[in-house]
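Subject: Structure for you to look at

Dear colleague,

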Amino acid sequence: MTIDHTKYCVPASAFLEAFERCGIEYVTTVPDMLQIALHSALEKPGSKIRSINCSTEDQAVETAAGLYAGGKKVAILVQNQGFFAAINSVRALGLDGRIPLFMVMGQFGREWSNLGQDPRSSKRLMVRMLEPLLETLDIPYWRLESPDDVKNIELACDAAYQGSRPTALIVGHFVGFDASSVD
Amino acid sequence: MSLNAKQVCEIAQSMRGDALIVNTMGAMNAFDQLGSNSPLNVSCVPLMGGAASLGLGLALARPERAVMVFDGDASLLMELGGLVSVGQAAPKNFVHVLLNNGVQFAGLGNLPTPGASGVDFVSMAKAAGYTSSVRCDSEEEYRQALAAALKTTGAKFIEVDTGYSPATLGPSVPAVEMTDARFTRMGDELRTIRKTLEAA
């Protein structure tokens, strides 16, 4: 299936600009395939945000909480599956502990025919179960379905820190590569 | 090894200076028994496996202070890859003390941890990128290792064998109830640490 990716891809630069406006200094992550462009941008020399690669998403959540206690602001970059794997850490630190956890989670596995449609109608269970699961956990979320949704990056981040709670920014399609990222 | 968990933690408490302390499981109980209410302590509970990563975040955020993590063997096994996460992040101020007693629910049920005998955590930590990794077989060795760890740069791993008390759960004590505080203290203590560091 051929699609116009520019309709759905939010470029990595938009994330970095929003993160910097929010005062984010660290990212903790187990890398997400949909966010490869963002991960690559964060790894470039001169990046103002340090990316901490963890071997599990639980560690990404826990390290983020430690950074917060040390006075830092953090974004946690994971895949939908990674969030599923880390729910107990989110429960302990974010829900029971009321620690801000700004989570950016990619909808890995989403079929392209679902782009522009409601992700809850995806054929793929890992995609359509994400929002109901977040609602069950009382975790507010914002969709990032196109460049028109860029404002949701800061909204989700601010809500986490102002509400002292977990929030989710759901990245619906691959993060876009900026022209400057071409080597 | 003649030290128990309380003695391991008491020695650390006396040597800590202005270090941040993350504890979990048996070490958490030990620090509670010592009456340690430092605003620079956090108990990783109920979140088995999270202590080292919580400590890593603190160490990266505050490189000017030592961060001491008191971990359990079963807890470490749950996030064994965390040794690599710490090694790769290469904090300059990280001291990871493993209280290895070979059981889960020490003093309650004393159930054997997988690999309760013969798992070489010291080698794993070294292979994962820790700058030093030692096993201590006496109080003197532990004191020296801790003193050295607090003076040197890097991520340092210290393993000590500790015992455990007889199991209390049984026909006469069939259950224990968790208090509400057990679910809220970690968040409260993290906030206290944040405020204390801001004010310092």
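What follows is an account of what was found, chain by chain and then across the contact.

Please bear in mind throughout that this is a predicted model.

Let us begin with chain A, which has eight helices and six strands, and whose elements, taken from the N terminus on, run α-β-α-β-α-β-α-α-β-α-α-β-α-β. Along the principal axes, the C-alpha trace of chain A spans about 45 × 40 × 30 Å. The radius of gyration of chain A is 15 Å, which agrees with the value near 16 Å that a compact globule of 183 residues would have. Of those 183 residues, 49% count as buried, and among the contacts in chain A between residues at least 6 apart in sequence, 75% join residues at least 24 apart.

Chain B, for its part, has eight helices and eight strands. With a radius of gyration of 16 Å, close to the 16 Å that the globule rule gives for 200 residues, chain B is as compact as a globular protein of that length. Its C-alpha atoms fill a box of roughly 50 × 40 × 30 Å along the principal axes, buried residues make up 45% of the 200 residues, and residues 24 or more positions apart account for 76% of the contacts in chain B with a separation of 6 or more.

Within chain B, you might look at strand 7 (residues 132–136), which runs parallel to strand 8 and is joined to that strand by five bridges. Across this pair, B:Arg135 stands opposite B:Glu159 of strand 8. To get from strand 7 to strand 8, the chain passes through helix 7 (residues 139–151), and this β-α-β crossover is right-handed.

Next comes the place where the two chains meet, a contact that takes 25 residues from chain A and 29 residues from chain B. On the side of chain A that touches chain B, the elements that give two or more residues are strand 2 (50–53), helix 3 (57–69) and helix 5 (87–96), and the largest share, ten residues, comes from helix 3 of chain A. By class, this side of chain A has ten nonpolar, ten polar and five charged residues.

The buried residues are B:Gly82, B:Leu83, B:Ser85, B:Val86, B:Gly87 and B:Ala89. What covers them includes strand 2 and helix 3 of chain A, together with helix 3 (51–61), strand 4 (93–100), helix 6 (121–128) and strand 8 (154–161) of chain B. After helix 5 of chain B comes B:Ala90, whose phi is positive, near 55 degrees.

Finally, the largest nonpolar core has 113 residues, and those with the most contacts inside it are A:Val74, A:Ala75, A:Ile76, A:Leu101, A:Val175, B:Val67 and B:Val97. The largest share of this core, eight residues, comes from helix 3 of chain B.

With best wishes

Notes: Residues are numbered from 1 along each chain as its sequence is written. Chains are lettered from A and ligands numbered from 1 in the order in which they are written. This is a predicted model: local features need pLDDT of at least 70, side-chain atom pairs count only at pLDDT 80 or more; totals for chains, interfaces and linings use all residues. Two residues are in contact if their C-beta atoms, placed from the backbone, lie within 7 Å. Helices (H or I, at least four residues) and strands (E, at least two) are DSSP runs, numbered from the N terminus. Ala, Val, Leu, Ile, Met, Phe, Trp, Tyr, Cys and Pro count as nonpolar, Asp, Glu, Lys and Arg as charged, and the others, Gly among them, as polar. The radius of gyration is taken over C-alpha atoms; the globule rule is 2.2 Å times the number of residues to the power 0.38. A residue is buried if 20 or more other C-beta atoms lie within 10 Å of its own, exposed if 12 or fewer, and partly exposed in between; C-beta atoms are placed from the backbone. Two strands pair if DSSP finds at least two bridges between them. A crossover is right-handed if, with the strands pointing away from the viewer, the path from the first strand over the helix to the second runs clockwise. A nonpolar core is a set of buried Ala, Val, Leu, Ile, Met, Phe, Trp, Tyr and Cys residues joined through C-beta atoms within 7 Å.
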